[in-house]
Amino acid sequence: MGLTGLQIFKLLPKTNCGECGPPTCLAFAMELAQQKTSLDKCPYVSEEAKAELGEASAPPIRLITVGKGEKEFQVGDETELFRHDKTFFNETAIGFELEDNLEEKAIRDKAKTIDGLSFERIGLELSVNLVAVCNTSQDAETFAKAVSLVMEETDLPLMLVTEDPTCAAAALEKCASSRPLLYAANNENYEEMTKIADENSCPLVVRGENLEQTAEITDKIAKLGYRELMIDPGSGGAGEYLEDLTQIRRLALRKKFRPLGYPTVVFTGSEDTYQEVIEAAVYTCKYGNVVIMKEPDDWKTFPLLILRQNIYTDPQKPIQVEAGVYEIGEVDENSPVYVTTNFSLTYFSVMGEIEASRVPGYLLIVDTEGTSVLTAWAAGKFDGDKVAEELVQSGLEDRVNHKKVIIPGQVAVLRAKIEDNCDWEVLIGPGEATGIPSFIRKNWQA
C-alpha cells in the first residue's frame, strides 16, 4: 500500500521553499501521495528519504519498456480506470505466437507475415508490436535457433515464452541486447528466472495459478531487488481473464496494491478464429497491456488495431493534420482549389476523393483544432473571415491562374463572407466528400 500524505510529509525536509511547485512541503506530500507529482521535484530531499519514499512516489502501475530502437514500446504507467475520466496513455501491444518446433521455412514465413502486419489509416501507421516465440519443443538448442531465425526476418521486439530457465538462458544469448520480454516466472522457478532477467536487463512476466499467488510471487521478486515485471493472471478463460484484469487495475489504482501494480500479459484461448478476435478486443478494451494471439491474419488484425487506436486516442485532443496547402496529384496552374478543416478523418476523406476524381487539386487546410467541418463552423473556428484570411496568406494566387475556391456544401453560408473579405470566387461543393468526383467533372473549369 502507498504511504499517506502525512507519512510522506514526515520524511520531507520541511523547508517550505516552494521550489517543487506547491507552496508547502505538506501540499507537496499530499500531491505525491496522489501520484500528481514526482519525488525528484524536491531539491532537498535526503537520500535516506528517497529510498523510503521511492515506493510511495512510484506510479500505481509500473512503466515497462520492451525492445530497443525504433520498434520498442512501453506499457503500463496508467492512472485511470475509465478512458473518459482522462485518457489511457500507453496502448496495448499486439503480438502473435510462433512455435519453435516448426520447420525453418515455416518459422521464417510466419515471422515475415507478422512483421508485415502494418496498415495506414488517416495518415497514421498501425502495426503489431511483437513476436512471441514459444518453446513448444522444450529444447534449449531448438528454442535458441528459432529465436535467431525470427530475428533475421523481423526487428519487432520478441517475447520468449518458456518456463525453463535453461531454455530461457540459451535464447537470451541470441537476443539479450534487444531487450526481449521473458515469460514466465512461476512459484517454482522465480528465483532462477529473476536472476536471468536481471543479468540480461529484460522485463520478466510473472504467472501464478491465481491472483493471490501472482501477488505473492511479485512480492518475493521485489524483495530480491527486481521490479521490471509484468503479470499474467493465469486465468482459465475469457470471462475469468476479464474479471481478473479488472480486479488488477482496481487494486493497483484505487488501493495502491503494489504486488499487482504491473502491466498485464494475456493470451487468447479460443480455437475459433472469430471468437479469438472478440477475446482480443475485450482484452484491449479492458486492461490487457500485451495481448498475444495465435495466427496472424490481415482481416482480424486491422480492425483490432483500429479499435486500439480509438481507445488510446486522447478524447480531449482530436487527431489532426498540420494546416497549410497540400498538393494532391500533379497539380498545375489550372488545378482546382479546395478548402476544409484539419480534422484527420476529414482531410484523408477529402484527399482520397480528390485522388479518385483524377483531377489534381490544391487542398487548403485551415486549423480548426482538429474538429470537423460542421463542428468547427458551429464553434466559430471555421468561418468566412478565417477562410478568406487563409486564402490570402496561402500564396495560392501565385500558383494558379484563377481565383476560384471550392468550399464544403455543408457550410455554404460562408460564401458571402469569404467573397466580401477577398477577391476569390466561391464555388459551393458537395455536402459529402464522396460527391467530389462527380462535382468536379460537371462543374470545374479554370
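The legends below describe an overall view and several close-up views of one predicted model.

The model is predicted, with local features requiring pLDDT of at least 70 and side-chain atom pairs pLDDT 80 or more, whereas totals for chains, interfaces and linings use all residues. Residue numbers start from 1 along each chain as its sequence is written, and side-chain values use heavy atoms, with hydrogens and water left out.

**Overall view. The protein chain holds 16 helices and 17 strands.** Helices (H or I, at least four residues) and strands (E, at least two) are DSSP runs, numbered from the N terminus. The C-alpha trace spans about 75 × 65 × 35 Å along its principal axes. Of the 446 residues, 49% count as buried; buried means under 20% relative accessible area, exposed over 50%, and partly exposed in between, with a 1.4 Å probe and protein chains only. Among contacts (heavy atoms within 4.5 Å) between residues at least 6 apart in sequence, 66% join residues at least 24 apart.

**View 1. A salt bridge joins K71 and D155.** The structure holds 20 salt bridges, each defined as a side-chain nitrogen of Lys or Arg within 4 Å of a carboxyl oxygen of Asp or Glu. In the bridge of K71 with D155, the closest N and O atoms are 2.9 Å apart. K71 lies in the loop between β1 (64-66) and β2 (73-75), and D155 in the loop between α5 (140-153) and β7 (158-161), so the pair ties together parts that are 84 residues apart in sequence. K71 counts as partly exposed because its relative accessibility is 34%.

**View 2. R108 forms salt bridges with E104 and with E152.** The closest N and O atoms are 3.2 Å apart in the bridge to E104. Both R108 and E104 lie in helix α4 (residues 104-115), 4 residues apart, about one turn of the helix. E104 has 38% relative accessibility and therefore counts as partly exposed. In the bridge to E152, the closest N and O atoms are 2.7 Å apart. This second pair links distant parts of the chain, with R108 in helix α4 and E152 in helix α5, 44 residues apart. With a relative accessible area of 52%, E152 is exposed. A network of salt bridges links E104, R108, K112, E152 and E153.

**View 3. Helices α4 and α5 pack at an angle of about 45°.** Their axes are 9 Å apart; axes are lines fitted to C-alpha atoms, for helices over the stretch in contact, and angles run from 0 to 180 degrees between N-to-C directions. That angle makes α4 oblique to α5, since angles under 35 degrees count as roughly parallel, over 145 as roughly antiparallel, 65 to 115 as roughly perpendicular and the rest as oblique. The crossing of α4 past α5 is right-handed; a crossing is right-handed if the near helix is turned clockwise from the far one by less than a right angle, and left-handed if anticlockwise. From α4, the residues E104, I107, R108, A111, K112 and D115 meet K145, A146, L149, V150, E152 and E153 of α5. By class, this contact of α4 with α5 has 5 nonpolar, no polar and 7 charged residues. Ala, Val, Leu, Ile, Met, Phe, Trp, Tyr, Cys and Pro count as nonpolar, Asp, Glu, Lys and Arg as charged, and the others, Gly among them, as polar.

**View 4. Helix α6 (residues 165-175) packs with α7 at an angle of about 10°.** The axes of α6 and α7 are 10 Å apart, and the two helices are therefore roughly parallel to each other. P165, A168, A169 and L172 of α6 make the contact with E192, M193, I196 and N200 of α7. The contact of α6 with α7 has 6 nonpolar, 1 polar and 1 charged residues.

**View 5. N189 sits in the loop between β8 (181-185) and α7 (190-200).** N189 is buried because its relative accessible area is 5%. Leaving aside residues up to four places away in sequence, N189 touches E163, P165 and A184.

**View 6. E228 is found in the loop between α8 (211-223) and β10 (229-232).** The C-alpha atoms of E228 and I64 are separated by 6.6 Å, although these residues are 164 residues apart along the chain. Not counting residues up to four places away in sequence, E228 touches R62, I64, R179, P203 and L204.
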